[in-house]
Amino acid sequence: MITGAVAIEQWDLVESFEIARGVMTAIPLVMLTLTDSAGNVGRAEAAGVDYDGETPEMLQAQIEYVLPLVVAAAPGDTVNDATLQAVQELLPSGGARNAIDCALWDLRAKQSGIPAWRQANLPPLRPLTTVFTLGLGTESDTRRKARAARGYPLLKLKCDADRHVDVVRWVREEHPHARIAVDANQSWTRDLLERVLPPLAALGVEMVEQPVKRFEDAQLDGLQSPLPLAADESCVDRESLAELFGRYQFINIKLDKCGGLTEALTMSKEALAHGLQLMVGNMCGTSLGMAPGFLVGQRCGYVDLDGPLLQTHDRDHAIVFTDGVMQPPVPALWG
């Protein structure tokens, strides 16, 4: 019989991290370990979706409640497609389903000896270049962070309603050759967006992520943007895609939002079929949380899996990062 253990962990950040919604100094994560009767172990973590009210305690309770039903869907302790499908039906999208789904993918890989990328029908994994994210701060803080990030070729800059074009200019002056994307985390209006788009484009910004509030995406109708827009908070799972067509050019797939690798892979195919381009993101976390996202990243134009780079410590067998280039996760970590 498959047994599960759930724990809440705290992972400290290198320094406080500010976005338009608030400031973080540590990341609370829910860690799930599944063990079958043969001693095979599958692991995953989830940060949840804070702006939807998810807390570590809530995720832990959801996981512990539904886990017996999931185990019952694994005949003879063996994880198969039916087991993964049962999880989709037992839980809505969100952090709890993400943890269970990704732990089952890992356990299935350990049971079968077939890595998760092969079971997902992906080609052999290639290294990926992730963005490196700079949180909001004063001008001196921003310039300091930009200088320290000169080894990273692709930066994502957090912005809010007051700090936007100047932030990009400061970073551009300190790191002239960086590729730059900006993330407003829902803090802009249509009017502000129209005003900042031309100077952002002139500064070489490549993409703008979630400029307006979710559920208010209709204000983007008819916008002639010189830069592609990416939906993050407005993009949850496949059911949310219809509201994004014609308004955004990219979607940011996060496993904590959509509820795991199973949905993320299906969602990515559907989005591509409708002409949307892909980005994979994270709600912060260790290499264990980035590993299943790495599989989704194989299909993406932008990869934002820098969570471990913002923390003081990482898991054993961590993903190797070199100047923003990520190597594929090793089986000892996940998959």
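Angles over 145 degrees between two axes count as roughly antiparallel; keep that cut-off in mind for the first stop. One reminder before you start clicking: this is a predicted model.

**Stop 1: a helix pair.** Select residues 81–90, helix H2, together with residues 95–112, helix H3. Their axes lie 10 Å apart and meet at an angle of about 175 degrees. H2 and H3 are therefore roughly antiparallel to each other. To see the contact, show side chains for Asp81, Thr83, Leu84, Val87 and Gln88 on H2. Facing them from H3 are Arg97, Ile100, Asp101, Leu104, Trp105 and Arg108.

**Stop 2: the whole chain.** Now zoom out. The protein chain holds 10 helices and 14 strands. Its radius of gyration is 20 Å, close to the 20 Å that the globule rule gives for 335 residues, so the chain is as compact as a globular protein of that length. Along the principal axes, the C-alpha atoms fill a box of roughly 60 × 40 × 35 Å. Colour by burial and you will find that 56% of the 335 residues are buried. The chain exposes about 13,300 Å², with carbon and sulfur atoms supplying 52% of that area. Among contacts with a separation of 6 or more, 67% link residues 24 or more positions apart.

Stop 3: Next, select strand S2, residues 22–35, and strand S3, residues 41–46. These two strands pair in the antiparallel sense over six bridges. One place to look is valine 30, which stands opposite alanine 46 in S3. Five residues separate the strands of this hairpin, and in the turn glycine 39 has a positive phi of about 90 degrees. Is S3 mostly covered or mostly uncovered? Mostly covered: five of its six residues are buried.

**Stop 4: the open sheet.** Move on to the eight strands that form an open sheet with parallel pairing, in the order S5-S6-S7-S8-S9-S10-S11-S12. The edges are S5 (132–134) and S12 (302–303), each with a single partner strand, so one side of each is left without a neighbour in the sheet. For one of the partners, pick threonine 133 and look across to lysine 156 in S6.

**Stop 5: a helix across the sheet.** Finally, select helix H7, residues 190–202. Which strands does H7 lie across? They are S7 (179–183), S8 (205–209) and S9 (229–231), and H7 runs at about 155 degrees to S8.

Terms used: Residues numbered from 1 in each chain as written. Predicted model: local features only at pLDDT ≥ 70, side-chain atom pairs only at ≥ 80, totals over all residues. Heavy atoms only, no water. Pairing = 2+ DSSP bridges. Helix = DSSP H or I, 4+ residues; strand = E, 2+ residues; numbered from the N terminus. Contact = heavy atoms within 4.5 Å. Axes fitted to C-alpha atoms, helices over the stretch in contact; angles between N-to-C directions. Buried < 20%, exposed > 50% of the residue type's maximum accessible area, 1.4 Å probe, protein only. Rg over C-alpha atoms; globule rule 2.2 N^0.38 Å. Areas by Shrake-Rupley, 256 points an atom, 1.4 Å probe, with all protein chains shown as cover. Parallel < 35°, antiparallel > 145°, perpendicular 65-115°, else oblique.
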